[in-house]
Amino acid sequence: MSEKNTEIYTPNRKREIIKNVLIVFLIIMLILTFCSNTIMNKSLAEITTETATSGKLTERIRGSGLVESNQSYDVKIDGNKIIDTIMIKTGQEVKKDDVLFTIGTEESKELEEAETALNTLELEYQKALLVAPEDYSAENQAISNARDDLNTAIAKRNNAAANSGTSQQALYNYNTNKNELARKTKILDKLQSTIIAIDSDSYSGAAVEYTGNLVFLYNEYTTAESDYNSAYQLYTAMLTGMPSDLPTDEITENNENPENNENNNDNDISDNARVSENEETDNNGSFSEPAQYNASYDYDIEELKADMEYKEEVRNNALNEYNNTKYSIRNNLMNQLYSVESEIDNLNVQITNYESSQTTGGDSMSVEDYDEQIRQKQQALETLIAELNKSKSENDLANKTNMLEIEAKKKEVDKMKEKIEKLKAESEITEIKSKYNGIVSAINIKVGEETVPDMPLAVIDIADEGYTVELTVDAEKAKKIKKGIEADVVNNWNGDITAILTDIKNDTKAGSKNRILKFSVTGDVSTGTMIDLSIPCGSGTYDTIVPKSAVYKDSKGSFVLVVNSKSSPLGNRYFADRVDVEVLASDEVSSAVQGGITSGNYIITTASKPVSPKDQVRMKDN
């Protein structure tokens, strides 16, 4: 190697090289450190924070609901009418007696049908009343014959068992039987005469000890019948045009005795003829205009009709009570009659047997034969009695059923009469008017359409009764408010709407634990208006208030994420820490809390990606 190409390294030169290498290395390391910090920061979640504060917080509940009227009424009309004119519009304010609709006055088909139906119902009712009383005479006669046969067999058995010769005891019994026969014969005569009197409704020959209160009930019925006939004749006279200047008793007398109704004027025309023709004559015999009613005798035909119907009901009740008592007493007397007849027959048999025994010397049958005969006849008698009782029970049930049907038919007749009167009154109506002051909330018919019974033609909200709105809220929130509080109407653009809490009730939906808040609403509102309410739950001063959106909740409870910083050679690093809190109150944007947090702490409100406790984060650049 030549000297020219040989480099000589001195100690100073070596130190210079080493120093330069170290400087380059440090520069490279520094550059790498800054680049890695920047890359790491870019990968961290970017957060936004707000400072926890202290101060006053008013908790509120917000919700929306539809306004409804406290009370409304449906405008209806019975019958089928054609709408001629509609005088109202939806939302229009109306006053009581304002005309809402006008309708046609065509003759009502429904009225014609109702009158036809009434005639049919009255005919059915009258037919139902024509029920003959049950007759058990054949069954009772069969029982009487069977009882006579039994008594005859018993008498013969007793006669066979007695001594064949005449004894003092037999003679005594014979005389006793004859006396008893005379007494029973008198009772039989009384029973027969009383039954005949009951059947003929003439009680002059009846025995008073057997009639009970039947005569009184019959008099009650005849009096009621007379009152009804008088009322019916008076009502009929008014319907046919009887002059009203006749007194009530004179009209009744004229109707009952037309042969006495002679007119004393020159034309000799009867009052009844003048009533039926509704005309009167002057002194020259010529016909004049229909007689004018005298104001002092101006009878109200509706009152006469009501009086007639009332007396008809009294008559029917009296007749039913009389007939029921009559049939009951007659059946009882018939049973007594059969019993007395049987006793008389028995006495006759005993008397005849005694008298026969004096001449024939008795019967050839043994006592044992008579006992068997008596047993058979006893069974036959019991069978007849059982069959009669069964028939009576079945007939009683049928009679009760028939009475129920009669009552039902009477109610149908009365109901149809009421309907006819109502239809007659409605047939004269040409205008439908409002019954109350209010606001028209709906119109359900058009001009030219036909009304249907019970169909609301329109709905009118009664303004004087006010309006309500209901909100559904969580039960826990409902505990914080009380009745009487005023809610703020958020969409109250004119400033004249108020909403007062009047009721807090349970939600009736299955499984719901919510509460329903009912508010009374006044002001410029109408049914169907949607209003937004903000309900204050009370105000308070709190040490720590944080954004409502920054409060989270999990299985351990409520918490917030706060930002803590740590120093490093390259600057501060920021970490998210969990702090458990208890929420004391909330409004729409903030919550008052207490726990391991104080005013001045930085609370994470938003983040570019999910943040968990202990995560490192980076602050958003302002």
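Predicted model: local features only at pLDDT ≥ 70, side-chain atom pairs only at ≥ 80, totals over all residues.
Visitor: What makes the contact of K19 with E16 a salt bridge?

Guide: The closest N and O atoms of K19 and E16 are 3.7 Å apart. A salt bridge requires a side-chain nitrogen of Lys or Arg within 4 Å of a carboxyl oxygen of Asp or Glu. The pair therefore meets the definition. The structure holds 19 salt bridges.

Visitor: Where do K19 and E16 stand relative to each other in helix α1?

Guide: They are three residues apart in helix α1, which spans residues 11-43, so about one helical turn separates them.

Visitor: Why is K19 called partly exposed?

Guide: K19 has 44% relative accessibility. Buried means under 20% and exposed means over 50%, with partly exposed in between. The value for K19 falls between these cut-offs, so K19 counts as partly exposed. E16, at 33%, is partly exposed as well.

Visitor: How do you know that E122 forms a salt bridge with K417?

Guide: The closest N and O atoms of E122 and K417 are 3.8 Å apart, and the cut-off is 4 Å. The pair therefore qualifies as a salt bridge.

Visitor: Which parts of the chain does the pair of E122 and K417 tie together?

Guide: E122 lies in helix α2 (residues 109-129) and K417 in helix α10 (residues 367-426), so the pair ties together parts that are 295 residues apart in sequence.

Visitor: Is K417 buried or exposed, and how do you know?

Guide: K417 has a relative accessible area of 19%. Buried means under 20%, so K417 is buried. E122, with 30%, is partly exposed.

Visitor: What makes the pair of K483 and D503 a salt bridge?

Guide: Their closest N and O atoms are 3.7 Å apart. This value is within the 4 Å cut-off, so the pair is a salt bridge. K483 lies in the loop between α11 (475-478) and β12 (486-489), while D503 is in strand β13 (residues 498-506), and the two are 20 residues apart.

Visitor: Which residues are linked in a network of salt bridges?

Guide: E180, R183, K184 and E343 are linked in such a network.

Visitor: Which residues have the most contacts inside the largest nonpolar core?

Guide: They are L191, Y203 and L333, in a core of 25 residues. Helices α4 (168-200), α6 (214-239) and α9 (301-357) each supply at least two residues of this core. Helix α9 gives the most, with eleven residues. In soluble globular proteins, nonpolar side chains tend to be buried together.

Visitor: How do you know that M334 is buried?

Guide: M334 has 12% relative accessibility, and buried means under 20%; M334 therefore counts as buried. M334 lies in helix α9. The C-alpha atoms of M334 and Q192 are separated by 8.7 Å, although these residues are 142 residues apart along the chain.

Visitor: What is noted about the phi of K614, and where is K614 found?

Guide: K614 has a positive phi of about 80° although it is not a glycine. K614 is placed in the loop between β20 (602-607) and β21 (616-619). Its relative accessible area of 65% is over the 50% cut-off, so K614 is exposed.

Definitions and conventions
Residues numbered from 1 in each chain as written. Heavy atoms only, no water. Helix = DSSP H or I, 4+ residues; strand = E, 2+ residues; numbered from the N terminus. Buried < 20%, exposed > 50% of the residue type's maximum accessible area, 1.4 Å probe, protein only. Core = buried A, V, L, I, M, F, W, Y, C linked by side-chain atoms within 4.5 Å.
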